[in-house]
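This report describes selected local features of one model. It covers strand pairing, the surroundings of a ligand and backbone geometry in a loop.

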Amino acid sequence: MRIALSFLLTVPVATSSAVQAFRPITEEVPRFSSLMSTNPDAPGDSTRQDDLRHSPASTRIVGGAEVANINDYPWMGRLRIKVKKGEALCGATMVSPDIAISAGHCFSEALGANETPQSVKVDLGHLDADASDAQGTTFTAQGWKFGTSLMNDDWAVVRLTSPLPMTSYVKLPQDTTLDHAAQFRALGWGKTSYTGPLAKKLRYVDLPYVKPGSEKCNEYIDNFICAGNGTLATCGGDSGGPLLAPGPGGPNSTSPQEWTLVGTTSWNYACGSRDKTPGRYLRLSKYLPTIKKAITELGGTMPQS
Ligand SMILES: *[C@@H]1O[C@H](CO)[C@@H](O)[C@H](O)[C@H]1NC(C)=O
Ligand SMILES: *[C@@H]1O[C@H](CO)[C@@H](O)[C@H](O)[C@H]1NC(C)=O
């Protein structure tokens, strides 16, 4: 079976040789891609032509829209991991004044063997994909921990150097109830179609829940929530960003502190364009004990629950 794993992570890379090892999503999309992205200008990979054949030529990704006001999602962060070959770009969500949650492959796929990041930063408080330290919205991390297996362990915890003066965070799930909300919302600066460019402004998309065990959601179902239908999906560059369950009023009337982080964007098949398959989001309810342990080890502030 040939699988295309598209990482929803973005790593602008200085050299293309390093990319080939893990093939994060670029214009070049791995068969089965995590949704991290690398240098959007990196050369393509001809081996995936038959994969691209399945992509709708110019669909908007994945069906979302631009976020109008960052204050609706004040806890939405852009994770920047500086490594030898460039910078990995992912989504991240603040769950307490100094703790962001993201995806493990944002680290593991960007780093070489025995390499540690040169710096890890989180941009907060703006819609633009290109923030700068000068805007005063970039915060430095002092510590991080992450799982290294995409299929079994795709979590990351990042601790900022100093706590932010923020008052609303995303909630963490109390149990598994919200793992099967009727609809979720995902956020990210990822690609707006499988073969398209990265978004310049933060986007959101509301994704239908797909039942585990169904034909299109039958792999690693204990570890991932399936959501999306190909027309509505996350894509390269969205890795690590939130899959959110709305409050009782539905996604359009949920206030910033009412959202629950049920998943983090992990991988899919060609951004869902292949056979209209759903995206896979790490099932946070399962990984909470691991994540809480990591927060304790990093000396970070435990999220309230
Ligand atoms: C996905 O869901 C949206 C909203 O219900 C719908 O408009 C679209 O046609 C669906 N796409 C597929 C491939 O089923
Ligand atoms: C939320 O608002 C958008 C934009 O106005 C609309 O297209 C969508 O149908 C709304 N969703 C729900 C669940 O009402």
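## Strand β6 and its partners

In this predicted model, a hairpin of two residues connects β5 to β6. Strand β5 comprises residues 86–96 and pairs with β6 in the antiparallel sense over three bridges. Within this pairing, M94 stands opposite A100 of β6.

Strand β6 also pairs with strand β9 (residues 156–160), again in the antiparallel sense, over four bridges. Here I99 stands opposite R159 in β9. Strand β6 itself spans residues 99–102: I99 and I101 point one way, A100 and S102 point the other way, and all are buried.

The residues around ligand 1 are N229, G230, T231, L232 and K276. By class, the shell around ligand 1 divides into one nonpolar residue, three polar residues and one charged residue.

Most residues other than glycine have a negative phi. K276, which also belongs to the residues around ligand 1, has a positive phi of about 55 degrees although it is not a glycine. K276 is placed in the loop between β14 and β15. K276 counts as partly exposed because it has 16 C-beta neighbours inside 10 Å.

C271 lies in the loop between β14 (260–268) and β15 (279–283). The phi of C271 is near 55 degrees, a positive value in a residue other than glycine. C271 has 34 C-beta neighbours inside 10 Å and therefore counts as buried, the cut-off for that class being 20 or more.

Technical notes: Residues are numbered from 1 along each chain as its sequence is written. Chains are lettered from A and ligands numbered from 1 in the order in which they are written. This is a predicted model: local features need pLDDT of at least 70, side-chain atom pairs count only at pLDDT 80 or more; totals for chains, interfaces and linings use all residues. A residue is buried if 20 or more other C-beta atoms lie within 10 Å of its own, exposed if 12 or fewer, and partly exposed in between; C-beta atoms are placed from the backbone. Two strands pair if DSSP finds at least two bridges between them. A residue is near a molecule or strand if its C-beta atom, placed from the backbone, lies within 6 Å of it. Ala, Val, Leu, Ile, Met, Phe, Trp, Tyr, Cys and Pro count as nonpolar, Asp, Glu, Lys and Arg as charged, and the others, Gly among them, as polar.
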